[in-house]
Amino acid sequence: MSKETVLTATPTHVSDSHAAELAHGPSWLKWLKIAGLVYLLLVSVSLIGGGFKLAAGEHAKELFAFASNPVAGLVVGTVATALIQSSSTVTSIIVGLVAGGLPVGIAIPMIMGANIGTTITNTIVSLGHVRRGDEFRRAFSAATIHDFFNIMCVLIFLPLEIMFGFLEKAGGWLSTHLIGAESMSMKGMNFIKPVVKPPVKLIESTMSGLPDMLTGGVMILLGVLTIFVVITFIGKLLKSLMVGKAKDILHSAVGRGPISGITSGTVVTVLVQSSSTTTSLVVPLAGSGVFSLRQVYPFTLGANIGTCITALLAATAIVGPSAVFALQIALVHLLYNVLGVLVIYSIPFLRELPIKGAEKIADVAVRNKLVALGYIAGMFFVIPFVMIGISNLIAA
């Protein structure tokens, strides 16, 4: 697969020709377009939150009863991200839902699932090497090490969260101490509210004759679709502006040690606003032997951290009493990914497990190419639905 193919490997829900057309023009114009798209992101998240409040009314908890089981929440996050192929989109939607009343405790497993679902992209990219034995082995192991690491994070932190709620508590403490619940709703975000509120109110007023539930549903749908479009275009614009710099950072930093690799993975992901793009950049390089699996490993961990920037940005769109909860879930996302790196990568035994798992599955996939397809279908779709079925049976 060519480098150009890799750089455009992130799936979109918008015509590539339209996105490419938007990416044309001088740099200052591109930055102006990005500023406009960021504004649309803030509006769309506010639309989801406002729409959810209208649709759910006083029954938000009942509306999300289907996800009250942590396993169900995990599956929702995993499958949604695997289908959309953008954890940035899913986490932005989750922030909007939390702002509308979705309990943070229910949203946390969804965030964890989004981490797993996003790795499908680089696994698909690795299939471009399927006809070249050793090259495919290196590429497939470089792609799946991200899967194994994120699964380990869930196995370690989800049971702890269910028992102790430590992520929810830590995120709540940070959100209130960073800006304070009262200042968040009254004063701290007043510079955002006047900018975001008018278009949301305008859209709501155009449907004033409709039932609240229908109006809320339309607002949620419009917000979700806008997020799809905005993140697609932002990704295209940032890649056209930054991908050269991203490649320079990648080549100069990945091979210099774990800390450098994690840092460069974080920086590149912030630049291109897509962990899928970041990790897909290194898969062909690993396949060709430029980087070893152990060099790629910390870089992918940095991508996990860098992708949190979108949810944090989305949280700034929220105003009112629920604003602190939107910030809380965004901070939980960041805490979860940082703690995952600190705990798993700092303990030698745990650090080796994703490497061994990735090497083992790559060896099997080289011998039988159908295993690679079966792995993608099983990991991201079959196993999650089996898990939710089992959890429902146990709950019954």
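**Figure 1. The second largest pocket of the predicted model.** The space in this pocket comes to about 280 Å³. Its lining is made up of 14 residues, and those nearest the pocket centre are L74, I116, I151, V154 and M387. By type, the lining has 13 nonpolar residues, 1 polar residue and no charged ones.

**Figure 2. Helices that line the second largest pocket.** At least two lining residues come from each of α5 (70-84), α9 (133-164) and α20 (369-395). With 6 residues, α9 gives the largest share of the lining.

**Figure 3. Helix α7, residues 104-117.** From first C-alpha to last, the 14 residues of α7 reach 20 Å, close to the 20 Å expected at 1.5 Å a residue. Because 13 of its 14 residues are buried, α7 is largely enclosed by the rest of the structure.

**Figure 4. The largest nonpolar core.** This core holds 73 residues, and the members that touch the most others are I94, V95, M112, F140, Y297 and I329. Helix α18 (residues 323-346) contributes 11 residues, the largest share of this core. In soluble globular proteins, nonpolar side chains tend to be buried together.

**Figure 5. Surroundings of F140.** Leaving aside residues up to four places away in sequence, F140 touches T123, S126, I361, A362, A365, A372 and Y375. F140 is also one of the residues that touch the most other members of the largest nonpolar core.

**Figure 6. A second, separate core.** This core has 7 residues, among them L42, L47, V196 and M207.

Note on methods. Residues are numbered from 1 along each chain as its sequence is written. This is a predicted model: local features need pLDDT of at least 70, side-chain atom pairs count only at pLDDT 80 or more; totals for chains, interfaces and linings use all residues. Side-chain values use heavy atoms; hydrogens and water are left out. A nonpolar core is a set of buried Ala, Val, Leu, Ile, Met, Phe, Trp, Tyr and Cys residues joined through side-chain atoms within 4.5 Å. Buried means under 20% relative accessible area, exposed over 50%, partly exposed in between (1.4 Å probe, protein chains only). Helices (H or I, at least four residues) and strands (E, at least two) are DSSP runs, numbered from the N terminus. Contact means heavy atoms within 4.5 Å. On a 1 Å grid over the protein atoms alone, a cavity is a set of points where a 1.4 Å probe fits but cannot get out, and a pocket is an open set with protein on both sides within 12 Å along at least five of seven lines; lining residues have an atom within 4 Å of a point. Grid points are joined across faces, edges and corners, and a volume is the space filled by probe spheres set on the points. Ala, Val, Leu, Ile, Met, Phe, Trp, Tyr, Cys and Pro count as nonpolar, Asp, Glu, Lys and Arg as charged, and the others, Gly among them, as polar. The expected span of a helix is 1.5 Å times one less than its number of residues.
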